[in-house]
Amino acid sequence: MTDDGDSGGGGRGAWGRAPARLGELLGLVEAALLDERDRSAFLDETTRRLGASLHHGRTARALVELVIPKLADASVLVLPASGRRTQWHRAGPGDARSAGEVTVEALERIPKVADALYGLQPRPAVIRPKEMAGLDDVLPGELVHGEEALVVQLAAGGVPAGALIMLRGPERARFEDADIELAHKFAERAGLALATAALYSQQAHTIAVLQASMAPEPLPVADGLRLGAAYRPAAEALRISGDYYHVAPCPAGGVTFFFGDVSGKGAEAAVLAGHVRQSMRTLAMVKRGPDPLGDLQLLNDLVISAGRRFTTLVTGSARPCDDGSVKVEIASGGHLSPLVLRGDGKVEEIVCEGMLVGVVPDPSFGCREFRLAPGELMLLYSDGVTEARGGMSGQEIYGDERLVDALAGCVGMQAASVAERLELLTTEWLAGRPHDDISLLALQAPPRRGSPPHRRPEGPGGSASAGERESTGGPGSTGEPESS
């Protein structure tokens with residue numbers, strides 16, 4: 001009985017210890033679950049914050065801040081090298097933030113950092129801060145003698161995006177396996193975000209350079225002439241236009257000009273527009289005098305050799321005469337006919353037929369001469385004006401008739417103001433809707449000195465206000481000041 005009692009007592013003791021062990025096991029499981037939930041929340045926050053911006057600098061700054069204090073007391077991001085120097089961003093200890101440049105030579109003296117930067121170290125590597133003595137200007141001084149650091153490669157699709165150095169102070173525990181694994185998962189997300197931001201920044205810079213190179217040059221100053229222009233590329237085409245124009249002064253007086261529109265829009269159209277513009281400018285430089293028809297014939301061969309796209313083009317010259325008028329000569333390669341605003345407010349279409357440039361090897365181009373009396377104006381425009389869709393339905397085109405009425409309402413205004421007003425009326429018609437490239441170029445014979453301002457005729461264009469009848473300068477305005 002005693003043995004049974006002892007045995008029973010021993011059994012009861014074992015059964016008494018079982019709940020304690022079970023409770024300990026449950027506590028460990030709960031702690032592991034809480035730790036895993038904390039790590040998942042950290043990675044989710046990483047994805048959210050790094051995905052909130054495509055700005056490369058802001059992404060880099062957010063990246064170094066995210067690991068503090070979860071993984072490190074301070075962190076340094078070293079970006080891929082550009083030349084013999086590269087940039088770095090640092091966060092910590094505490095609220096400290098800084099950035100700067102470091103030589104590639106200094107980084108290459110630390111193999112683990114160099115390997116991570118060049119994409120040769122896929123897994124995080126532990127390194128002692130004192131091994132990175134060559135980075136004194138990069139690392140926070142108070143942590144240089146810490147216990148250890150972790151170097152993590154940041155990459156996306158095998159393309160290096162940077163190297164992240166995470167440092168811990170002497171009072172903090174070393175990096176455990178769980179910390180290293182978390183750092184590796186963080187690096188996967190951070191590398192993708194940083195590479196995406198870098199790619200976006202490069203594309204944005206390329207587009208900005210392309211936009212600047214494709215934008216029309218400022219109009220020149222030309223005695224005896226007034227010039228004005230308006231230019232609005234299609235927004236959905238990354239503001240890169242297939243419309244182009246150029247005005248250049250002639251040594252003998254007056255100007256030469258060309259105005260055209262490449263088929264289609266966007267980057268491909270803009271590239272051909274750039275070729276055409278550069279070719280026309282080169283022709284103007286090597287020829288002794290204007291030769292509109294000859295220029296179109298040479299340009300036709302160039303466009304055909306460039307590919308399937310074609311262009312419309314009108315080119316010519318304008319020369320002031322002794323009586324104050326301006327003699328204009330144009331040659332047309334299938335472009336919309338110029339409109340002339342006469343002194344009495346009537347609008348005349350200058351018909352000059354010609355074939356498209358770049359369609360057939362032996363095209364026929366038209367040529368025409370006419371005069372602008374003092375105060376009269378010639379308008380060149382792209383189909384982005386007349387084909388602008390808007391109005392009440394949003395689908396009605398602006399059309400030739402509205403453009404003619406709007407131009408008739410500009411009598412007495414100077415060239416720059418006319419171009420700006422017509423662009424304004426077109427954009428009001430669009431009311432923010434998508435549109436094709438919009439370009440306008442106005443060339444005017446200045447009014448005679450002492451002549452009274454013209455009144456805008458009554459009709460669809462309305463009557464002019466006093467401010468509109470006055471000569472007002474504006475962007476793109478050139479030529480002589482108006483006298484009354």
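The expected span of a helix is taken as 1.5 Å times one less than its number of residues, and helices (DSSP runs of H or I, at least four residues) and strands (E, at least two) are numbered from the N terminus. The model is predicted, so that local features need pLDDT of at least 70 and side-chain atom pairs count only at pLDDT 80 or more, while totals for chains, interfaces and linings use all residues. Residues are numbered from 1 along each chain as its sequence is written, and side-chain values use heavy atoms, with hydrogens and water left out.

**View 1. Helix α7 and the residue that follows.** Helix α7 (residues 292-306) has 15 residues and reaches 21 Å from its first C-alpha to its last, close to the 21 Å expected at 1.5 Å a residue. Its buried residues (under 20% relative accessible area, 1.4 Å probe, protein chains only) include Leu 296, Leu 299 and Val 303. Just after α7, Gly 307 takes a positive phi of about 145°.

**View 2. The open five-stranded sheet.** The strands follow the order β7-β18-β15-β12-β13 with antiparallel pairing, where two strands pair if DSSP finds at least two bridges between them. Because β7 (226-232) and β13 (347-349) stand at the edges with a single partner strand each, one side of each is left without a neighbour in the sheet. Strands β12 (residues 339-341) and β15 (residues 377-381) pair over three bridges, and Val 340 has Met 378 as its bridge partner in β15.

View 3. His 246, which lies in strand β8 (residues 243-249), is buried, with a relative accessible area of 12%. Leaving aside neighbours within four places in sequence, His 246 is in contact (heavy atoms within 4.5 Å) with Glu 217, Thr 256, Phe 257, Phe 258 and Arg 281.

How values were computed: Buried means under 20% relative accessible area, exposed over 50%, partly exposed in between (1.4 Å probe, protein chains only).
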